[in-house]
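Student: I am new to this structure and would like to go through it in questions and answers. Please show it first.

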Amino acid sequence: MTESQNPCALRESADVIVLGAGPAGLVLGNLLHAAGIDCVLLERASRTHVQTRARAGFLAPDTGRILDRHGLADGLHRRGLRHGTCEFRTEDGRFRLDYGSLGQGGQHHVYPQQNLVTDLLTHYLDRGGRIRFQTEALAVRDADGTRPYVTTREPDGRPTRWSARYVAGCDGRHGAARRSLPPGAVRHHHDHGVTWLGLLAEAPPSLDAVGYAVHDRGFAGHMARTADVTRYYLQWQRGIPADAWPEQRIWDELDVRMRAADHGPLHRGTLRERGIFDLTCDVIEPLRHGSLFLAGDAASLLAPAAAKGANLAVLEAEILAGALTDALTRGDTAGLDRYSDQCLAHIWRAQEFTGWMTRLLHTAPDGDQDAGSFFHAALRRSRLASLRTSRIHQEWFAENYVGV
Ligand code: RFL
């Protein structure tokens, strides 16, 4: 017996079913609910889990403006920090870019993703928004018909069938929306060939800027999160587990790559979290399949080198919310027809800049024939020299670094 024929399955419905309660799903849910649209969020994890999952921290000025526009930025303004400088540390010394005051740039908000998710969730629930935690979407069915439905597994294991007019797949790269795409959907995939060890240190930031250290031993990164917590990244050999090195060795390696002997010591602290991130990316094309729309990481995965993923997620959620509201309140489906092309233009631009940043910061990718070669290192050095000396290059950087 198939899921759809199961007579025991509970049946529920909403005009819009939003899969996933990350930044994309929660912004979308808040905007739809505020517009009076009947919607429900289905989230696989528990409330505690989504509110404590540490990921992004750098939110672009446009993201702040979107959240402001919809009254969702209180926490960001109260507790977020502002950031407009990055420091590159290279074999030729260090230089700073005040991207916040360059060209079309602007300052980042530094606000941990789990705080943003908590704010969005609280706002949604306080206004009576519907959400089901620990409810895993299994598949989206009949997306090309007029009454799509989502099959789910409830917390007690019972199968449920949710029918809707539209389904928003905001359930990330491993979610049910991607698994349910029809054969015509294309996934463009690219592996930058670089791996990061991501670290969350219980230590105050060591410099008042984002730190990008370009070193022959590999990249190291420093990013403030709060006054007491700092993210560090180390370019890492693929296949080596995250716990392979003791803390002391990690801090020593960060010291070497960040050139602490020349530029000042790093504040050390307990490493609260370690994670391995392969810098891969992909784009699903198109982002609409009948009544199913993809947003956020479900639509496109970006390597974290340029801090774009959560920003795109918020932007796409706002565009999709407007289009769904027009369709459901006025029967105007033009926004839904435009959705995929409109978002893909932003996504490809973000992918392009992320790829450029990845090449700027790292030693040659694993498996590259030229790994460690003079040629790769010389190109990287030349790119950095241009960024250090060319005002036009700096303005281009600023515009792309903070823009989505
Ligand atoms: P999320 O945040 O992954 O949320 C998806 C939600 O869907 C749920 N889910 C399901 N629910 C129901 N049924 C299913 N079958 C489900 N499958 C999954 C999950 O439990 C989850 O709650 O996706 P969303 O909303 O699209 O948001 C995307 C962002 O999370 C992501 O792009 C950013 O974290 C990327 N990123 C950064 N982006 C920035 O803009 N600025 C940054 O500074 C930044 N730093 C980062 C980052 C990503 C990182 N990682 C994880 C590689 C730093 C790191 C280390």
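Student: Which element gives the most to the shell around the ligand, and with how many residues?

Tutor: This is a predicted model, in which local features need pLDDT of at least 70, side-chain atom pairs count only at pLDDT 80 or more, and totals for chains, interfaces and linings use all residues. Residues are numbered from 1 along each chain as its sequence is written, and side-chain values use heavy atoms, with hydrogens and water left out. Helices (H or I, at least four residues) and strands (E, at least two) are DSSP runs, numbered from the N terminus. Helix H1 (23-34), S10, strand S17 (230-236) and helix H9 (309-330) each give two or more residues to the shell, and the one that gives the most is H9, with four residues.

Student: How many residues surround the ligand?

Tutor: A residue counts as near if one of its heavy atoms lies within 4 Å of the molecule. The closest are Glu43, Arg53, Arg55, Gln113 and Asp297. The shell divides into 15 nonpolar residues (Ala, Val, Leu, Ile, Met, Phe, Trp, Tyr, Cys and Pro), nine charged (Asp, Glu, Lys and Arg) and ten polar (the others, Gly among them). The number of residues that surround the ligand is 34.

Student: How far from an oxygen atom of the ligand does a polar side-chain atom of arginine 53 lie?

Tutor: A polar contact here is a pair of N or O atoms within 3.5 Å. A backbone N or O atom of proline 23 lies 3.1 Å from an oxygen atom of the ligand, and a polar backbone atom of phenylalanine 58 is 3.0 Å from a ligand nitrogen. For the side chain of arginine 53, the distance to a ligand oxygen is 2.6 Å.

Student: How much of the ligand does the protein bury?

Tutor: Accessible areas come from the Shrake-Rupley method with a 1.4 Å probe. Taken alone, the ligand exposes 1,000 Å². The share that the protein buries is 93%.

Student: Which strands are the edge strands of the open sheet of four strands?

Tutor: Two strands pair if DSSP finds at least two bridges between them. The order in this sheet is S1-S12-S11-S10, with mixed pairing. Pairing on one side only marks the edge strands, S1 (10-13) and S10 (136-141).

Student: In which sense do S1 and strand S12 pair?

Tutor: Strands of a sheet pair through backbone hydrogen bonds, either parallel or antiparallel. Serine 13 stands opposite serine 163 in S12. S1 and S12 (residues 159-163) have four bridges, and the sense is parallel.

Definitions and conventions:
Polar contact = N/O pair within 3.5 Å; in protein donor to acceptor, adjacent residues only side chain to side chain.
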